[in-house]
Amino acid sequence: RAPAMAASGAPTYKRTHSAMNTKSVVPSLGLLGGLVAGGGEGKTLPSDPVAAAKALGLVGEVLLIDLNPTESSSPDSNPNLAVMDKLLDILPCRVAGGFTTNEKVYDWLDKGAAKVVVDYSESNLGFLDGVPKERVCIALPLPVPNGRSIKDALAEIRYYAKSVLLQPTTVDRAAIEEVKSLVEKGTQISVQDPAPGAPLMEDDIAYLDAAGIETVLGESLSSGALPLAKAVSAVIVSDRPDGLIPTIVVDEDNAALGLCYSNHESLAEALKQQVGVYWSRTRGLWVKGLTSGSTQELIRIDLDCDRDAMRFVVRQAGSGFCHMDQLSCFGEDQGSLGGLMRLLIDRKENAPAGSYTKRLFDDPALLRSKLFEECEELLAADSNREVAFETADVIYFAFAACARHGVSLAEVQRSLARKHLRVRRRPGNAKPPGWKPGDPSPDAPTV
């Protein structure tokens with residue numbers, strides 16, 4: 001068994017058991033006037049926030065930083081707000097910038113932010129009382145302001161948050177180790193890029209990841225000093241003689257499509273092109289679908305807990321991933337939700353003669369009637385078999401409604417994720433008889 005080496009060729013740090021479930025890097029995106037701060041033509045990042053977030057979100061959560069913070073929730077007063085809300089529809093995000101009131105914190109948590117990042121201010125964190133601690137991260141500058149000790153600052157922070165974002169002026173490993181020794185068990189530590197002139201290096205990221213500490217990329221990323229591919233490669237290890245990384249390829253429904261291999265070059269190309277790019281042991285760099293037409297849109301890259309394998313989540317096109325002209329190298333899926341949605345979307349464009357699904361697309365009144373009918377039959381079902389049967393019908397007609405409007409399963413899943421992250425729950429009361437969309441909701445607050 002060869003010694004583990006980073007994908008870049010550098011020796012790796014030994015990972016502790018407590019580090020196994022942490023994210024390696026979290027890219028950050030500054031927003032100014034509704035656009036990416038410092039982005040644009042010829043820059044590392046585009047000015048379009050959606051394009052930039054999709055590129056950075058390939059490695060997981062993105063930290064959105066509002067550089068025009070206001071207490072107002074009106075997009076008219078701050079164009080960043082509508083942009084941030086839109087980005088939460090696309091991918092999981094943390095949000096930062098101007099959190100000084102309880103209402104604003106709850107507002108963004110209810111919008112589906114994974115966490116809110118609040119700037120540390122001595123004796124000014126009381127507005128966080130009652131907010132779930134696991135959804136709050138306190139940004140702590142190093143050295144701590146006003147000459148306070150790290151120990152005193154962390155003693156205050158632990159009452160309000162289970163996550164702390166260190167903001168050092170340089171990569172001070174002694175200070176980081178001190179923080180690590182003082183925080184309560186279960187507290188997540190992240191380290192943000194230092195100020196310009198002292199960027200994070202690959203070795204810093206590897207050291208932090210091995211200790212269970214996330215790296216929040218900012219200045220190093222936007223300046224081009226540390227490309228995203230190199231930041232991710234810094235923590236990946238291989239015990240293979242050829243240095244390749246086993247890469248499991250799955251679709252958006254997490255159904256396995258096949259097994260490939262990757263290295264730093266293929267990973268960099270995959271992130272650059274935002275498509276499935278791998279390393280063939282016989283042909284070298286391999287862009288999936290370049291010749292067959294069965295291309296892959298890259299959705300996300302996940303690292304396993306040991307950092308010695310990757311998972312590519314892709315949107316597969318064409319006949320499928322397998323060279324046998326099927327979706328998966330493990331055979332066709334049977335009854336998966338992803339397979340049903342793909343079939344319905346295909347029916348919209350390529351329906352055979354007499355297709356019932358096509359009839360539903362062309363007759364929205366029929367689709368509406370059938371959806372109501374199947375819901376009633378589900379509620380009337382008694383046996384387990386009947387419940388399963390009627391649930392399948394409801395799912396079919398609900399997915400047909402999605403496909404008719406061009407809504408993907410991934411969009412539905414993202415909406416579910418945002419709802420799950422709400423902190424304040426509505427009562428969930430039934431709508432009164434005669435209620436129709438646009439009428440006031442019985443759950444809405446009254447004046």
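**View 1. The exposed side of helix 12.** Ala365, Arg368, Glu376, Leu379 and Ala380 are exposed on the other side of helix 12 (exposed is over 50% relative accessible area, buried under 20% and partly exposed in between, with a 1.4 Å probe and protein chains only). The buried residues of helix 12 are Leu366, Leu367, Lys370 and Glu374. Their arc around the axis is only 95°, so they sit on the same side of helix 12 (the arc is taken over the directions from the helix axis to the C-beta atoms). Helix 11 (356–362) and helix 13 (384–404) are among what covers these buried residues, going by contact, meaning heavy atoms within 4.5 Å. Helices here are DSSP runs of H or I with at least four residues, strands are E runs of at least two, and both are numbered from the N terminus.

This is a predicted model, where local features need pLDDT of at least 70, side-chain atom pairs count only at pLDDT 80 or more, and totals for chains, interfaces and linings use all residues. Residues are numbered from 1 along each chain as its sequence is written, and side-chain values use heavy atoms, with hydrogens and water left out.

**View 2. The buried side of helix 2.** In helix 2 (residues 80–90), the buried residues are Asn80, Leu81, Val83, Met84, Leu87 and Leu88. They take up an arc of only 160° around the axis, which puts them on the same side of helix 2.

**View 3. Ser294 in its loop.** Ser294 is found between strand 15 (284–287) and strand 16 (296–303), in the loop. Ser294 counts as buried because its relative accessibility is 4%. Leaving aside neighbours within four places in sequence, Ser294 is in contact with Lys288, Gly289, Gln316, Ala317, Gly318, Ser319 and Gly320.

**View 4. The largest cavity.** The largest cavity has a volume of about 90 Å³; on a 1 Å grid over the protein atoms alone, a cavity is a set of points where a 1.4 Å probe fits but cannot get out, and lining residues have an atom within 4 Å of a point. Grid points are joined across faces, edges and corners, and a volume is the space filled by probe spheres set on the points. Helix 4 (150–157) and strand 8 (163–168) each supply at least two residues of the lining.

Note on methods. 1 Å grid on protein atoms, 1.4 Å probe; cavity = no way out; pocket = protein on both sides within 12 Å on 5 of 7 lines; lining within 4 Å.
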